[in-house]
Amino acid sequence: MKSKTAKMAAGGVLSALTLLFLMAASILPGGRLACAALAGVVGAVVLVRCGWKTSAVSWIAVSVLALLLAPSKGCALLYAVFFGPYTLLKNAIERLRNKPVEWVLKYLFCMVVAVLLFLFSSEVLGLFPPMVAGRIWLFLPAVAVVFLAYDIVFSKLIYRILSRLPQQHTK
């Protein structure tokens, strides 16, 4: 982007699109996870097109607005603690250019967030019965497999989106 104004405008429009995906989650209850994941993809476009600072501001703004306005608070929370920050984290981690270390760090983030979300959902929100709440270890392998698929699809989707966007001309 050429100017701060252009970055801010693009970031605002893309943030609105991100929020739209999170609002759509309440209309499409079967697609809540997909809507949150798509919101993360839009966040990646913000990162690549507008830079790290704009992307971080977008993530925080969308998270606050979604937690306040979106009917699906669970989806908003999922975006706020996983899909939103993962975009920034993935970008930073993949700059290491060391695949084994990258995967360890990405999985570590995923597992920590999964455990925290599970505990929060169980203890604070009471979404899981006590029998299930004490057996998070049963769910973590499934989370790991889904995360692997998500990360691979996320990377390919971002590549395809960015290859179709007009190229930026900088001086």
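**View 1. The buried residues of helix H7 are Ala144, Phe147, Tyr150, Asp151, Phe154 and Ile158.** Buried stands for under 20% relative accessible area, exposed for over 50%, and partly exposed for values in between (1.4 Å probe, protein chains only). The model is predicted: local features need pLDDT of at least 70 and side-chain atom pairs count only at pLDDT 80 or more, whereas totals for chains, interfaces and linings use all residues. Residues are numbered from 1 along each chain as its sequence is written, and side-chain values use heavy atoms, with hydrogens and water left out. H7 covers residues 140–164, 25 residues in all. From first C-alpha to last, H7 reaches 36 Å, close to the 36 Å expected at 1.5 Å a residue (the expected span is 1.5 Å times one less than the number of residues).

**View 2. The chain holds seven helices and zero strands.** Helices (H or I, at least four residues) and strands (E, at least two) are DSSP runs, numbered from the N terminus. Read from the N terminus, the order of elements is α-α-α-α-α-α-α. The chain has 171 residues, of which 37% count as buried. Among contacts with a separation of 6 or more, 68% join residues 24 or more positions apart; a contact is a pair with heavy atoms within 4.5 Å. The accessible surface of the chain is about 10,300 Å², and carbon and sulfur atoms account for 74% of this area. Areas come from the Shrake-Rupley method with a 1.4 Å probe; for residues, only the protein chains shown count as cover.

**View 3. Lys90, Glu94, Lys106 and Asp151 are linked in a network of salt bridges.** A salt bridge is a side-chain nitrogen of Lys or Arg within 4 Å of a carboxyl oxygen of Asp or Glu, and the structure holds five. Between aspartate 151 and lysine 90, the closest N and O atoms are 2.9 Å apart. Aspartate 151 lies in helix H7 and lysine 90 in helix H4 (residues 73–94), so this bridge ties together parts that are 61 residues apart in sequence. Both aspartate 151 and lysine 90 are buried. In the bridge of glutamate 94 with lysine 106, the closest N and O atoms are 2.8 Å apart. Glutamate 94 sits in helix H4 and lysine 106 in helix H5 (residues 99–124), 12 residues apart. Glutamate 94 is partly exposed, at 23% relative accessibility, while lysine 106 is buried at 2%.

**View 4. Glutamate 102 forms a salt bridge with lysine 99.** The closest N and O atoms of this pair are 4.0 Å apart. The two residues are three places apart in helix H5, and therefore about one helical turn separates glutamate 102 from lysine 99. Glutamate 102 is buried, with a relative accessible area of 3%, whereas lysine 99 is exposed, at 55%.

**View 5. Leu96, Val101, Leu105, Leu108, Val112 and Leu116 make a nonpolar surface patch of about 510 Å².** Such patches take residues with over 30% relative accessible area and no salt bridge; like charges are joined within 9 Å, nonpolar side chains (Val, Leu, Ile, Met, Phe, Trp, Tyr) within 5 Å. Leucine 108 is placed in helix H5 and is exposed, with a relative accessible area of 52%.

**View 6. The largest nonpolar core has 26 residues.** A nonpolar core is a set of buried Ala, Val, Leu, Ile, Met, Phe, Trp, Tyr and Cys residues joined through side-chain atoms within 4.5 Å. Within the largest core, Leu22, Phe82, Phe83 and Tyr150 have the most contacts. Helices H1 (4–27), H2 (32–50), H3 (52–69), H4, H5 and H7 each give two or more residues to this core. Tyrosine 150 is in contact with Ala37, Phe82, Phe83 and Tyr86, leaving aside neighbours within four places in sequence. Another core, of six residues, lies apart from the largest one and includes Leu14, Val42, Val45 and Val46.

**View 7. Serine 15 lies in helix H1.** This serine is buried, with a relative accessible area of 12%. Leaving aside neighbours within four places in sequence, serine 15 is in contact with Ser58 and Val62.

**View 8. Alanine 114 is found in helix H5.** Its relative accessible area is 16%, and alanine 114 is therefore buried. Not counting residues up to four places away in sequence, alanine 114 touches Ile136, Leu140 and Val143. Between alanine 114 and leucine 78 the C-alpha to C-alpha distance is 9.7 Å, and the two are 36 residues apart in sequence.
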